[in-house]
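Please have the sequence and the model open side by side as you read.

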Amino acid sequence: MKPRSLLGPGQRKSGYGNRVAWLSLLPPNSVGAEIGVLKGGFTQHIVSTVKPRCLYLIDGWCAIKDSFGYSVDMRMVYFCSRALRDLAAESVAGHIRPLCGWSAEAVDLIPDATLDWVYIDADHTMEGCLADLKAYYPKVRQGGIIAGHDYKYGWGCSVPEAVRRFMWSLDRDIDSVHTTDAQDTPSFWFRK
Ligand SMILES: C[S@@+](CC[C@H](N)C(=O)[O-])C[C@H]1O[C@@H](n2cnc3c(N)ncnc32)[C@H](O)[C@@H]1O
């Protein structure tokens, strides 16, 4: 499926296929960040489709908070090592910057207005997603793209409400937010 050309005033919502097809809207050779990486499944698509010159990969991976403080989840250790192993060639080529940590902390390592795009797919609660939108928005250059996964409700996911509140805080219309097709789990995106 060939996506429509990039964003302009009045461009219509939806119709961009699934999120892998949507990736072809991101500029090649760009600087981007994926917030929430897990096994690096979508990262592989980003690398092969967008061919970013610099990709920040931000995930807390092995650290989970329990009632005793922090402990280690071996499954996440495996996911982290698998993601990094599968991206080894990109790492050696200098295109990957993995930042293992909470998104709220890792954000301070990224200079303002240096990202061409950000894809948020970490904490899907209203509070968590809204916090990531607020934290990473200043990192994206003017005209860059803010995007994220799971634009839906359910199972603790309130991404649409977070996006709605964020657009409201910017005094921007929710109609400037686009989504990928609803048959897939939709991703959202808008231009700064
Ligand atoms: C849905 S998975 C990401 C999936 C991946 N983007 C993909 O499409 O293949 C969510 C990931 O976000 C991470 N995560 C959740 N909250 C986070 C936070 N506040 N900071 C950093 N990582 C977080 C989790 O460790 C998990 O690996």
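At what angle do helix α6 and helix α7 pack, and how far apart are their axes? In this predicted model, α6 (residues 126-136) and α7 (residues 159-169) pack at an angle of about 40 degrees, and their axes are 8 Å apart. That angle makes α6 oblique to α7. Angles under 35 degrees count as roughly parallel, over 145 as roughly antiparallel, 65 to 115 as roughly perpendicular, and the rest as oblique. The axes are lines fitted to C-alpha atoms, for helices over the stretch in contact, with angles running from 0 to 180 degrees between N-to-C directions. Two packed helices are described in this way, by the angle between their axes and the distance between the axes.

On the α6 side, the contact is made by M126, C129, L130, L133 and K134; on the α7 side, V159, E161, A162, R165 and F166 take part. Two residues are in contact here if their C-beta atoms, placed from the backbone, lie within 7 Å. Sorted by class, this contact has seven nonpolar, three charged and no polar residues. In that scheme, Ala, Val, Leu, Ile, Met, Phe, Trp, Tyr, Cys and Pro are nonpolar, Asp, Glu, Lys and Arg are charged, and the others, Gly among them, are polar.

Let's stay with α7 for a moment, as M167 also has its place there. M167 counts as partly exposed because it has 17 C-beta neighbours inside 10 Å. The cut-offs are 20 or more other C-beta atoms within 10 Å for buried, 12 or fewer for exposed, and anything in between for partly exposed, with C-beta atoms placed from the backbone. Leaving aside residues up to four places away in sequence, M167 touches R172, I174 and V177. Its C-alpha atom is 9.8 Å from that of L133, 34 residues away along the chain.

Now for the whole chain. It has seven helices and eleven strands, which are DSSP runs numbered from the N terminus (H or I over at least four residues for helices, E over at least two for strands). Of the 192 residues, 38% count as buried. Among contacts with a separation of 6 or more, 63% come from residues 24 or more positions apart.

How confident is the predictor? The mean pLDDT of the chain is 88, and 85% of the residues reach 70 or more; pLDDT is the predictor's confidence in each residue, from 0 to 100. Over residues 1-15, the pLDDT is below 50, and this stretch has 18 contacts in the model beyond near neighbours in sequence. Because the model is predicted, local features need pLDDT of at least 70 and side-chain atom pairs count only at pLDDT 80 or more, while totals for chains, interfaces and linings use all residues. Residues are numbered from 1 along each chain as its sequence is written.

Most residues other than glycine have a negative phi. N29, in the loop between α1 (19-22) and β1 (31-35), has a positive phi near 65 degrees. D150 also has a positive phi, near 60 degrees, and lies in the loop between β7 (140-148) and β8 (153-154). N29 is exposed, with 11 other C-beta atoms within 10 Å, whereas D150 counts as buried, with 20 C-beta neighbours inside 10 Å.

M74 sits in helix α3 (residues 74-86) and is exposed, with 8 other C-beta atoms within 10 Å. M74 and W61 are 13 residues apart in sequence, with 9.6 Å from C-alpha to C-alpha. W155, in the loop between β8 and β9 (157-158), is exposed, with 7 other C-beta atoms within 10 Å. Q142, in strand β7, counts as exposed with 7 C-beta neighbours inside 10 Å.
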